[in-house]
Amino acid sequence: MTNPPTFQVSRLREIGWAKWDAIGVGGPDHGWPADEYDTYLLKAAHQLWNGRADEEVADYLIKVETDYMGLDADAGIRSRALDVVRTMRQYVEMLRD
């Protein structure tokens, strides 16, 4: 594997707030700190860069929601996590070019 790039946190935030927002606060436009999910999104981006499968990275995001944040797994949790991961993968793969 090549060394990971410096991921643009602003791009990861766009993806996270638009597609994930696990705790449902609406983001910085609603008074919430913009960096709320940065740690999780950066870790997911690194996992993708290092060749982890989409399903594995989605499992990580689900674990964040259910174990770290203590939220209940709703019916759409897997599809939402996969949607985030697929969008992040597009961004990460763009950085390889």
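The crossing of helix 1 and helix 4 is right-handed, a crossing being termed right-handed if the near helix is turned clockwise from the far one by less than a right angle, and left-handed if anticlockwise. The structure is a predicted model, in which local features need pLDDT of at least 70 and side-chain atom pairs count only at pLDDT 80 or more, whereas totals for chains, interfaces and linings use all residues. Residues are numbered from 1 along each chain as its sequence is written, and side-chain values use heavy atoms, with hydrogens and water left out. Helices are DSSP runs (H or I, at least four residues), numbered from the N terminus.

Helix 1 and helix 4 pack at an angle of about 155°, and their axes are 10 Å apart, where axes are lines fitted to C-alpha atoms, for helices over the stretch in contact, and angles run from 0 to 180 degrees between N-to-C directions. Helix 1 is therefore roughly antiparallel to helix 4, on a scale in which angles under 35 degrees count as roughly parallel, over 145 as roughly antiparallel, 65 to 115 as roughly perpendicular and the rest as oblique. Arg-11, Leu-12, Ile-15, Lys-19 and Trp-20 of helix 1 make this contact with Arg-80, Asp-83, Val-84, Thr-87, Met-88 and Tyr-91 of helix 4, contact meaning heavy atoms within 4.5 Å. The residues of the contact of helix 1 with helix 4 comprise six nonpolar, one polar and four charged; in this division Ala, Val, Leu, Ile, Met, Phe, Trp, Tyr, Cys and Pro count as nonpolar, Asp, Glu, Lys and Arg as charged, and the others, Gly among them, as polar.

Helix 1 spans residues 9–20, and its buried residues are Leu-12, Ile-15, Gly-16, Trp-17 and Trp-20, with buried meaning under 20% relative accessible area, exposed over 50%, and partly exposed in between (1.4 Å probe, protein chains only). These buried residues pack against helix 2 (38–49), helix 3 (54–68) and helix 4 (77–96). Helix 1 is followed by Asp-21, which lies in the loop between helix 1 and helix 2 and has a positive phi of about 30° although it is not a glycine. Asp-21 counts as buried because its relative accessibility is 15%.

Helix 2 and helix 3 pack at an angle of about 160°, with a separation of 9 Å between their axes, and these two helices are therefore roughly antiparallel to each other. The crossing of helix 2 with helix 3 is right-handed. On the side of helix 2, Thr-39, Tyr-40, Lys-43, Ala-44, Gln-47 and Leu-48 meet Asp-54, Val-57, Tyr-60, Leu-61, Val-64 and Tyr-68 in helix 3, and by class this contact has eight nonpolar, two polar and two charged residues. In the loop between helix 2 and helix 3 lies Ala-53, which is partly exposed, with a relative accessible area of 32%. The C-alpha atoms of Ala-53 and Val-85 are 9.4 Å apart in space, the two residues being 32 residues apart in sequence.

For helix 2 and helix 4, the packing angle is about 60° and the axes are 9 Å apart, so helix 2 is oblique to helix 4. Their crossing is right-handed. Leu-41, Ala-44, Ala-45, Leu-48 and Trp-49 of helix 2 are in contact with Val-85, Met-88, Arg-89, Val-92, Leu-95 and Arg-96 of helix 4. The residues of the contact of helix 2 with helix 4 divide into nine nonpolar, no polar and two charged.

Glu-65 is found in helix 3 and counts as buried because its relative accessibility is 2%. The side chain of Glu-65 makes a polar contact of 2.8 Å with the side chain of Trp-20 and another, of 2.9 Å, with the side chain of Arg-80. A polar contact is a pair of N or O atoms within 3.5 Å; within protein, one must be able to donate a hydrogen and the other to accept it, and residues adjacent in sequence count only if both atoms are side-chain atoms. With neighbours within four places in sequence left aside, Glu-65 is in contact with Trp-20, Ala-22, Gly-70, Leu-71, Ile-77 and Arg-80.

Ser-79 lies in helix 4, where a polar atom of the Ser-79 side chain is 3.1 Å from the backbone oxygen of Gly-76. The C-alpha atoms of Ser-79 and Ala-58 are separated by 8.8 Å, the residues being 21 residues apart along the chain.
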